Amino acid sequence: MENTLSELTALWGRVLNRIKAELADDPLVYDSFFKDSYIHSLDGKTINVVVNSSLAVQILRSQYEKTVLGALADCTETNFDVHFLSKDQISSSAAIKPAKPAYFSDSYINPNYTFDNFVVGESNREAYQASLMIAQNPGHLYNPVLIFGESGLGKTHLLHAIGNKVKSKYPAMKVLYIHAQEFLNEYVKFVSGDMAGISISDWFKNEVDFLLIDDVQFLANKERTEETFFTIYNDFYSRGKQVVLTCDQHPSKLNGLDERLKTRFVQGLPLCIAQPERETCEQILRMRIRANGLKESDFDPEVITFFANTFHKNVRELEGAFDRLLFFAVQMNGSNHVTLKIAQTAVSSLVDVKAATGTLSAEKVIDAVADYYGIPSYQLTGKIRTSQIALARHIAMYLIRSRLDAPFAKIGSLFGGRDHATVMNGVNKVENSLKTDKGLQKAVSDINKRLK
Ligand code: ADP
Ligand code: MG
C-alpha cells in the first residue's frame with residue numbers, strides 16, 4: 001500500500017480510537033496528550049507524530065510509547081516506529097519534508113474503495129457495470145463516462161474503484177484521480193508560474209493516461225479554468241485516453257457551465273446513480289458489520305431494517321449513523337448484542353435532528369458542508385490541510401458565524417481548538433471571496449438551501 005498522507009491520517013484516527021479505548025480509565029491523559037496529535041510524515045518505517053507541546057513529547061516518549069506502538073501494530077500489522085515531535089519543532093525542522101512535492105500531491109487513489117466492497121443494486125447497477133468495463137478496457141468503449149447523482153450515493157467510491165482496478169491491471173498506466181476543486185487550485189499554481197513554465201495542458205498530456213475527475217459541478221462559473229479543462233479534455237479524447245467524470249446532477253441542469261463542456265460531458269455514456277433500495281442498504285450494513293469483525297447474529301434483525309429504513313437516502317449518512325451505533329454499543333453499552341432499543345438510542349439525536357427542521361446547530365452546519373464537499377465531518381473539524389478541506393472548513397466557519405452568530409472562540413473550539421484569530425481569518429477570507437467568486441457564491445447558497 002502506498003502510504004500517502006491522507007491514508008496515514010485515516011490510519012492515525014484508528015490508532016487514536018484504540019488508544020482512547022485503552023486509556024478509558026484515564027480520559028484526561030488521552031485528552032491532554034493524544035487528542036490533538038496528528039501524523040506529520042513518514043520516513044521509511046518511522047512515523048513522525050506531532051503533539052501539542054514539548055512536555056507532551058517527553059511524557060509520550062517515556063510513558064506511552066509502548067501503548068502507541070502496540071496500537072499501531074494492531075491497526076497495521078506492520079512494525080512501525082514512532083517519533084514524537086512538538087509543533088515548534090516542525091516549524092524549525094528542515095529534516096522532515098512532506099513525502100511528495102506539489103503536482104497534485106493531494107490527489108491519491110484510496111485503496112479502501114474497490115469494486116469488491118461496492119454493493120450493487122438496481123439504483124447503481126449501470127454505473128457499476130460501466131465503471132468495471134471501463135477499468136478493464138480503458139479508452140475503448142465509452143468516452144467520457146459520466147456518473148451523476150446526489151451526494152452520498154457512491155460516485156467517489158466508484159471513481160477510486162476504477163483507479164484501483166486500472167492500477168492493478170495496467171501498472172504502467174498513469175492514473176490520476178482529482179477532485180474538480182483541486183484541479184482549480186492546481187490551475188492557479190500553473191498560471192501563476194509556480195510550475196517552472198510548464199503549461200497545465202502539457203503536464204496532463206505527459207503525466208496522465210487515465211483521468212478520474214470528481215464533482216465537475218465545481219468547474220461551473222470558472223471561465224478560464226473551463227477553457228483549460230476543455231483543451232485538456234479534447235486532447236485526451238483525441239488520443240483515446242479515458243476520462244471518467246462525476247457530477248452532482250445532470251450537466252444540462254448545471255448553471256454557469258460552458259455549453260461546450262455540457263455537451264462533451266454527456267457525449268459518451270452518462271449514467272445516473274439513484275438512492276439505494278432498502279435491500280442495498282441492508283447489504284451495505286451487513287458488509288460493514290463483517291468489516292468491523294462482528295457477526296450479523298450480534299444484531300437483532302430489526303436493527304438492520306431500522307437503519308435501512310431511516311437512513312436510505314444517503315449511504316454516507318447510513319454509514320455514519322451505523323458507525324455511531326457501533327461506537328455506542330461497544331464503548332458505552334459494553335454489551336455484545338445490539339437490540340433495536342440500543343440502536344434507536346444510539347442514533348436518537350440524528351433522527352431528532354432530521355425530524356426537527358427549524359433548529360439549526362453548528363453540528364448541522366458542519367455536517368451539511370462536509371456532505372456537500374463529500375468529506376467526512378471529522379476531517380472538516382480535524383487537522384488535515386489540503387486546500388479542498390481548508391476551503392470547506394472556512395465555509396463552515398463562515399456559515400456558523402453568519403447563521404448562528406457564534407463567537408469566534410466558540411467556533412474555534414468546534415474545530416479542534418483553533419484560536420480566535422485563525423477562525424476570524426477564515427471567515428474574512430470567505431466574506432471577501434464571496435464578493436467576486438461566483439463558484440463560492442453558488443456553493444454557499446446551495447449549502448444554505450440544504451440548511452433550511
Ligand atoms: P458520493 O461521491 O456520491 O457523494 P461516496 O462515493 O463518497 O458518495 O459514498 C459515500 C459513502 O458511502 C462512502 O463511504 C462509500 O464507500 C459508501 N457507499 C456508497 N455507495 C455504496 C455501495 N453501493 N456499496 C458500498 N458502499 C457504498
Ligand atoms: Mg463524492
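Which residues does Glu 150 touch, not counting residues up to four places away in sequence? Glu 150 touches Lys 155, Asp 248 and Gln 275, where contact means heavy atoms within 4.5 Å. Welcome to a short tour of this structure. This is a predicted model, in which local features need pLDDT of at least 70, side-chain atom pairs count only at pLDDT 80 or more, and totals for chains, interfaces and linings use all residues. Residues are numbered from 1 along each chain as its sequence is written, chains are lettered from A and ligands numbered from 1 in the order in which they are written, and side-chain values use heavy atoms, with hydrogens and water left out.

**Domains**

- The protein chain is divided into domain 1 (5-89), domain 2 (125-272), domain 3 (278-349) and domain 4 (362-451); such bounds come from an automatic or database domain assignment.
- Taken over C-alpha atoms, the centres of domain 3 and domain 4 are separated by 29 Å.

**Nonpolar cores**

- A nonpolar core is a set of buried Ala, Val, Leu, Ile, Met, Phe, Trp, Tyr and Cys residues joined through side-chain atoms within 4.5 Å.
- Buried means under 20% relative accessible area, exposed means over 50%, and partly exposed lies in between (1.4 Å probe, protein chains only).
- The largest nonpolar core has 63 residues, and those with the most contacts inside it are Phe 204, Ile 213, Phe 229, Val 369 and Tyr 373.
- Domain 2 (125-272) and domain 4 (362-451) each give at least three residues to this core.
- A second, separate core has 26 residues, including Val 15, Ile 19, Val 51 and Phe 80.
- Leaving aside residues up to four places away in sequence, Tyr 373 touches His 179, Phe 218, Gln 388, Leu 391, Ala 392, Ile 395, Ala 443 and Ile 447.

**Helix pairs**

- Helices (H or I, at least four residues) and strands (E, at least two) are DSSP runs, numbered from the N terminus.
- Axes are lines fitted to C-alpha atoms, for helices over the stretch in contact, and angles run from 0 to 180 degrees between N-to-C directions.
- Angles under 35 degrees count as roughly parallel, over 145 as roughly antiparallel, 65 to 115 as roughly perpendicular and the rest as oblique.
- Helix H8 (residues 200-207) and helix H9 (residues 223-238) pack at about 30°, with axes 9 Å apart, so H8 and H9 are roughly parallel to each other.
- On the H8 side of this contact are Ile 200, Ser 201, Phe 204 and Lys 205, and on the H9 side Thr 228, Thr 231, Ile 232, Asp 235 and Phe 236.
- Helix H11 (residues 278-291) and helix H12 (residues 301-310) have axes 9 Å apart at an angle of about 125°, and are therefore oblique to each other.
- Helix H18 (residues 387-404) and helix H21 (residues 438-450) pack at about 55°, with axes 11 Å apart; H18 and H21 are therefore oblique to each other.
- In H18, Leu 391, Ile 395, Tyr 398, Leu 399 and Arg 403 meet Leu 440, Val 444, Ile 447 and Asn 448 of H21.

**Two residues to look up**

- Ala 343 lies in helix H14 (residues 340-346) and counts as buried, at 0% relative accessibility.
- Ala 343 and Val 303 are 40 residues apart along the chain, and their C-alpha atoms are separated by 6.4 Å.
- Glu 150 is found in the loop between strand E4 (145-148) and helix H6 (155-169), and is partly exposed, with a relative accessible area of 48%.
- The C-alpha atoms of Glu 150 and Gln 275 are separated by 8.0 Å, with the two residues 125 residues apart along the chain.
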